[in-house]
Amino acid sequence: MMRGGVVLRCIKRWILPDMEHRHYQLTGRRAVVSARPCIVGVVASGNLEVLIEPAAQGGTCIVDVDTAMAGFGSVWDAVIGDFHDRHRLAGVRVAINDNGATPATVSLRLDQAVAEFVAAARPDSRA
Amino acid sequence: MKKSYYEATARGRVAGILDAGSFREFLPPSARVVSPHLQALDLPVAFDDGVVVGRGQLAGNAVLVAAQEGGFMGGAVGEVHGAKLTGLIARAEREAPAAVVLLVETGGVRLQEANAGLIGVSEVMRAILATRSAGIPVVAAIGGQYGCFGGMSIAIACCSAIVMSEEGRLGLSGPEVIETARGVEEFDSRDRALVWRTVGGKHRYLMGDCAQLVDDDVAAFRAALIESVANAEPLSMASVEREHAMLARRMADHGNLDDARDIWRALGWQDPDAVPMLPTAMFLAQAAAARANP
């Protein structure tokens, strides 16, 4: 039984990628009033989706990353750090489903998400 | 200015097909209704499990709409994805919209989810037929990179009408599957001309498997879907028997022919080799006299 269990675990590591989950809590200052959830991107190979939502936690920007490619922690730290330096959002939650996008693609998607989030929050944008 | 339907995302297609600003999504990404099976397999999920469903307006009439995202797992149908489609189509019986509109892009059952995906596809089939039986048209559009294959092709063939572009493909077994199972002499999946004359939009139109052929343009798809909704035929014993008669005629007339060009010649095309290169308008004009009776 135990040998069977060990074999099963080894196969899992070889064949299946290990997802990596990263969680960031950043102090921001730019709140976006009357914001609605926005999603950009597609979880295709080399791509990612970014969901950005208003959240109740006041001055914080929370970022959750689920990535299919483990082991790039320092790169994510840099990309998320730069993203926060650019926007300093507060009271938002950003969730990422990543399927191996490059850092440049991630940065562009994050900026795209913020642009849509801000545009959708404008009073004249409501249908 | 043309906007490519082929290049658009599922969300982009919904926005372009429906009346501006009319779309309200059910189970949006923020609800995070994701696939438990992919999570168990340590694979990335999508917040909408690769399908957008909701309510909107089409030329002022209420419709329920679904759009599959080919970019996520080839639009393949898993348990959640299938349940969203089934729930949407079944909802029509309560809400009585003018139609259910399905913007299809799928390889069929999501194999990672095995039986849950299979059951999902079969439930979609049943929902389409039940909603059509209730008098509500279910119309489909096919024009994306991944086409419509697998079990979902059977489901979509149960729709009131299908709109395709030349770029779209509708078939059951995918080209690579046929080649793997039967050998390259039987079907060379890398021969794109062969693939498209076997399952592509123009051939499907000539066979009567799709009601309309349009340019790769979101606005053209919108106009065609509006027309298909307006002209939708109710599901009845007579309509089913008519379809069976059409299929019997197809076997009798073309069952012994090896290649689509032979079929086109039999339908009256003088130069079958020229068909793939014809611009849409010219193709449609000539097809009026050289098309299988749908």
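User: Which residues of α2(A) meet α3(A)?

Analyst: On α2(A) they are Val75(A), Val79(A), Asp82(A), Phe83(A) and His87(A), and on α3(A) they are Pro103(A), Val106(A), Ser107(A), Leu110(A) and Val114(A). Contact means C-beta atoms, placed from the backbone, within 7 Å. By class, seven of these residues are nonpolar, two polar and one charged. Nonpolar covers Ala, Val, Leu, Ile, Met, Phe, Trp, Tyr, Cys and Pro, charged covers Asp, Glu, Lys and Arg, and the others, Gly among them, are polar.

User: What kind of model is it, and how are residues and chains labelled?

Analyst: The model is predicted, with local features needing pLDDT of at least 70 and side-chain atom pairs pLDDT 80 or more, while totals for chains, interfaces and linings use all residues. Residues are numbered from 1 along each chain as its sequence is written, and chains are lettered from A and ligands numbered from 1 in the order in which they are written.

User: Back to α2(A) and α3(A). At what angle do the axes cross?

Analyst: Roughly 30°, with the axes of α2 (residues 73-87) and α3 (residues 103-121) of chain A coming within 10 Å. So α2(A) is roughly parallel to α3(A) (angles under 35 degrees; over 145 is roughly antiparallel, 65 to 115 roughly perpendicular, the rest oblique). Axes are lines fitted to C-alpha atoms, for helices over the stretch in contact, with angles from 0 to 180 degrees between N-to-C directions.

User: How many helices and strands does chain A have?

Analyst: Three helices and seven strands, in the order α-β-β-β-β-β-α-β-β-α. Both are DSSP runs numbered from the N terminus: helices are H or I with at least four residues, strands E with at least two.

User: What share of chain A is buried?

Analyst: 30% of its 127 residues. Buried means 20 or more other C-beta atoms within 10 Å of the residue's own, exposed 12 or fewer, and partly exposed in between, with C-beta atoms placed from the backbone. Of the chain A contacts with a separation of 6 or more, 87% join residues 24 or more positions apart.

User: Where is Ser34(A)?

Analyst: Ser34(A) sits in the loop between β2 (30-31) and β3 (38-41) of chain A. Ser34(A) counts as exposed because it has 11 C-beta neighbours inside 10 Å. Its phi is positive, about 55°, although it is not a glycine. Most residues other than glycine have a negative phi.

User: And what is the phi of Ala114(B)?

Analyst: Near 50°, again positive in a residue other than glycine. Ala114(B) is in helix α4 (residues 114-133) of chain B, and is partly exposed because 13 other C-beta atoms lie within 10 Å.

User: How many residues does each chain put into the contact between A and B?

Analyst: Chain A gives 19 residues and chain B gives 14. The chain B side has eight nonpolar, four polar and two charged residues.

User: Now α1(B) and α9(B). Which residues meet there?

Analyst: Arg13(B), Gly16(B) and Ile17(B) in α1(B) meet Val218(B), Phe221(B), Arg222(B) and Leu225(B) in α9(B). That makes four nonpolar, one polar and two charged residues. The axes of α1 (residues 10-17) and α9 of chain B come within 9 Å and cross at roughly 60°, so α1(B) is oblique to α9(B).

Methods:
Contact = placed C-beta atoms within 7 Å.
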